[in-house]
Amino acid sequence: MPTPFPQDIDALRASEAFFRLLTEQAGDVISRHRLSGTDHYVSPAVERMMGWTAEEMLEAGFKAFYHPDDTPAVYDVYNRMRAGVEHCSVRYRGRRKDGRYVWLESHLTLVRDEAGAPSELIAVTRDIDERVQLEDEARHTREAMREALQRAMLAEQVAQVAFWRVDLVTNDVFLSPRCREIYGWSADDKVSLGEVLSRFHPEDRPAARARVAEHLRSGEPSRNRMNRIIRLDGAVRHIVGSFEFDFDDNGRPIAMSGTTVDVTDLVDAQQSLAKTESRFQDLAKATRDIVIEVDRRGNILFVSAAVEPVLGYAEGELLGRKAAKLTHPNDLPGLVQAFGAVLADPEGLPPMLEARALHKDGHWVWLQGRPVLNRTAGRIEGVMRDITEYKRARDELAAEQARAEQALEARSAFLANMSHELRTPLTAVIGFAALVEGLDDLPETARDYVGRISTAGKALLSVINDVLEMSKLETGQVQAHLAPCALAPLIDDTVRMFGLHAAEKNLQIAVRMVDPPPRVLMIDPDRVRQVLINLIGNAIRYTDAGSITLEVIWRGELEELFVAVKDTGIGIDPADQAHLFKRFSQIESARARSRGGSGLGLVISKGLVEAMGGRIGASSKPGEGSTFWFAIPASGPLRDEDAGAETEPVFEPVRSGGRILLADDNALNREMTRAILGVFDAEVVEARDGQQAVEAARDQAFDLILMDIRMPVLDGLDATRAIRAEPGPNQGAPILAFSADMDFQLSEIFDGLVRKPITAAQLIQAVAGAQRAVAI
């Protein structure tokens with residue numbers, strides 16, 4: 001190895017001294033670190049930076065001063081340089097001697113040995129704590145600004161609040177997208193403060209410029225000022241704006257920031273509301289109804305001018321007064337309850353209220369109104385009208401209706417009494433005529449006279465029935481009474497009634513079931529029978545030759561019964577057919593006069609069919625005959641057994657020697673009935689009123705009781721109830737009702753009905769068939 005010259009050694013020493021001085025005086029810390037893991041040099045500058053002496057740092061080792069969270073990053077750099085990376089930098093926190101961590105930045109260079117293998121690292125470390133803090137502050141500032149911008153943009157999107165900023169140093173203007181939209185500028189338009197002010201409405205521009213200048217001088221913010229602007233498209237908009245200033249260190253304004261809200265729709269709505277309110281006020285002044293508004297305590301806040309003609313008060317006289325002070329004491333509790341219900345359920349339908357209010361002159365006025373809760377204003381509003389005359393008219397109408405109902409009841413009572421009084425003597429006339437006609441030794445002349453008496457009696461009975469039925473139809477007293485009914489027997493019985501009359505005219509009468517109905521239908525059997533009697537009787541009356549056919553059709557899908565009565569009679573002229581079924585029509589009267597009858601049969605039939613919910617009609621050709629039909633609702637009962645059910649009889653009065661109690665207040669009726677009952681060879685006990693019937697039934701056992709409905713002292717209904725209620729020998733005995741009232745409906749306490757005037761055949765059939773169900 002060559003020996004260096006002295007001058008070379010001096011040069012090296014001088015160079016070493018220079019670099020030592022440089023490292024010792026430099027602000028950065030220079031350190032050397034062997035790749036074996038030991039630190040063998042650190043410059044004295046470490047004491048100024050960290051507070052530790054170089055010896056303390058080398059003794060403890062650099063790794064003792066790394067922040068635990070940063071140690072992995074430092075070791076990662078060391079490992080990379082061991083792998084051959086020439087240069088690396090790393091940021092980390094180092095612990096000062098006072099315990100505080102500071103941010104450091106080290107730049108490392110790899111040193112290789114003579115063989116080129118990595119041998120050590122040289123690090124230059126500087127204190128960057130202040131720089132990191134400034135960076136953090138800058139980052140926080142940027143994040144805060146970004147967050148503020150995001151909030152502003154969100155407010156702009158949600159609340160439609162535009163924002164802007166003017167740099168008073170550079171005169172740069174920033175307008176948010178919403179702000180540009182309000183004024184009509186695009187995103188690319190360059191806008192100055194002067195251009196913004198030039199968009200203000202000419203009437204508002206001078207005042208706006210003066211306010212901005214004044215605020216610039218004073219530095220005071222401006223809050224919620226309304227102005228008008230003219231957009232680029234010429235539309236006028238109403239805006240509300242606020243702004244404030246940013247100041248420099250000397251207190252001079254350097255920037256102006258503000259918000260703008262387009263309130264044009266609100267202003268338009270307010271103007272429209274004002275116009276509407278004005279119209280309503282004009283309407284309230286013009287209407288005769290009183291518009292009123294009260295608070296929750298009942299104080300009157302507003303009342304329209306219509307109150308003066310109704311209650312005599314001027315508007316101002318009632319403002320602030322308690323509404324309760326003007327209300328009749330008897331009506332106040334109901335009003336308080338109703339107002340409480342409105343407050344408790346604002347969404348419900350408010351009730352219509354009626355109450356009396358005190359007029360200024362002291363009398364009471366009836367008012368009607370519906371209170372409505374205005375939840376926004378916390379008030380109760382309503383419109384009231386004077387109903388005093390209406391109440392008076394309603395009371396008069398109610399009194400008139402009561403008088404009409406009393407008159408109707410009196411008429412009903414009169415009709416019932418007339419029905420009884422007219423049919424009762426007819427019972428004797430027709431009954432005794434039948435008894436006389438049945439005598440074997442009666443001369444033919446006498447038999448002819450008796451026959452005429454019987455025919456006249458029956459004709460008179462038909463007229464009486466028609467007149468009374470017509471009266472009931474006119475007063476709306478006829479109602480359908482549905483019951484399970486076996487239709488076929490009802491029709492056969494009705495047709496059989498006209499057999500003799502048809503035979504006298506050599507007419508064939510037949511029944512044809514075109515579409516047979518169920519065995520049992522829910523109908524009103526009495527009304528159906530009455531309509532059939534009228535239609536069949538008319539057919540026989542106006543048919544001189546040929547036949548009468550009764551056709552029955554069951555329309556199951558409609559639950560409708562259709563019945564037609566066809567004849568081969570004289571027919572009806574087409575011009576006259578339009579007047580059929582009309583009251584007081586001339587055709588019915590003329591036909592009745594020519595063929596007999598009252599002329600009311602079709603009118604009564606129409607009323608009865610309509611009372612049953614049905615319809616009636618006719619078709620006819622002169623000389624060929626007529627067809628009269630009717631259709632009524634008729635449903636089948638739930639069980640077919642509801643009608644026509646066979647029950648085990650417990651009494652058979654046909655047996656010889658039976659005992660019958662006859663209760664009737666008319667002596668002729670008792671005598672006639674006794675004569676007819678003679679065929680049974682039964683003992684007949686008479687009672688002249690219901691009380692006598694009850695006493696007789698209490699003391700003696702009877703096989704059958706015949707009970708007239710209308711009797712003095714105690715009527716037949718109450719007498720029958722008394723017999724059924726008292727345990728005794730006749731509590732379960734069969735009881736047949738006698739009634740001349742066509743509207744009498746058989747109840748469960750009776751076992752059958754015999755209508756007056758009675759015939760011998762009718763009475764004998766009823767008595768012979770009387771039976772009482774075991775269940776009674």
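Predicted model: local features only at pLDDT ≥ 70, side-chain atom pairs only at ≥ 80, totals over all residues.
Residues are numbered from 1 along each chain as its sequence is written, and side-chain values use heavy atoms, with hydrogens and water left out.

Let me begin with the sheet. When I speak of helices (H or I, at least four residues) and strands (E, at least two), I mean DSSP runs numbered from the N terminus, and two strands count as paired if DSSP finds at least two bridges between them. With those terms in place, five strands form an open sheet in the order E25-E24-E26-E27-E28, with parallel pairing. At its edges are strand E25, residues 683-687, and strand E28, residues 752-755, each of which pairs on one side only. From one strand to the next the twist averages 20°, where axes are lines fitted to C-alpha atoms, for helices over the stretch in contact, and angles run from 0 to 180 degrees between N-to-C directions. As background, strands of a sheet pair through backbone hydrogen bonds, either parallel or antiparallel.

Within this sheet, strand E26 (residues 704-708) and strand E27 (residues 735-739) run parallel and are joined by four bridges, and Asp 708 stands opposite Phe 738 in E27. Helix H23, residues 716-725, packs on the sheet and touches E26 and E27, its direction making about 150° with that of E26; contact here means heavy atoms within 4.5 Å. Helix H21, residues 667-676, lies across strand E24 (659-663), E25, E26 and E27, and runs at about 170° to E25.

Next, two asparagines whose backbone angles deserve a look. Asn 171 has a phi near 65°, a positive value in a residue other than glycine, and its place is in the loop between strand E6 (161-167) and strand E7 (173-175). Asn 224, also not a glycine, has a positive phi of about 50°, but Asn 224 is found in strand E8, residues 222-230. For accessibility, buried means under 20% relative accessible area, exposed over 50%, and partly exposed in between, with a 1.4 Å probe and protein chains only. Asn 171 is exposed because its relative accessible area is 52%, and Asn 224 is exposed because its value is 60%.

Turning to the aromatic rings, those of Phe, Tyr and Trp (its six-membered ring) pair if their centres lie within 6.5 Å, and planes under 30 degrees apart count as stacked, over 60 as edge-to-face and the rest as tilted. By this rule there are seven aromatic pairs. One of them joins Tyr 66 and Tyr 92 edge-to-face, at 5.3 Å centre to centre and with 80° between the planes. Tyr 66 lies in the loop between helix H3 (54-60) and helix H4 (71-82), while Tyr 92 lies in strand E3 (residues 87-95), so the pair ties together parts that are 26 residues apart in sequence. Both tyrosines, Tyr 66 and Tyr 92, are buried.

Tyr 183 and Trp 185, by contrast in geometry, form a stacked pair, with 5.1 Å centre to centre and 15° between the planes. Tyr 183 counts as buried because its relative accessible area is 4%, and Trp 185 counts as buried at 12%. Trp 164, Phe 243, Phe 245 and Phe 247, meanwhile, form one aromatic cluster.

Finally, the salt bridges, each defined as a side-chain nitrogen of Lys or Arg within 4 Å of a carboxyl oxygen of Asp or Glu. The count by this rule comes to 41. One of them is between Lys 97 and Glu 56, at 3.4 Å from N to O, and this pair links distant parts of the chain, with Lys 97 in the loop between E3 and strand E4 (101-112) and Glu 56 in helix H3, 41 residues apart. Arg 131 and Glu 105 also meet in a salt bridge, at 3.3 Å from N to O, which links Arg 131 in helix H5 (residues 129-158) to Glu 105 in strand E4, 26 residues apart. Arg 131 is partly exposed, at 35% relative accessible area, whereas Glu 105 is buried, at 13%.
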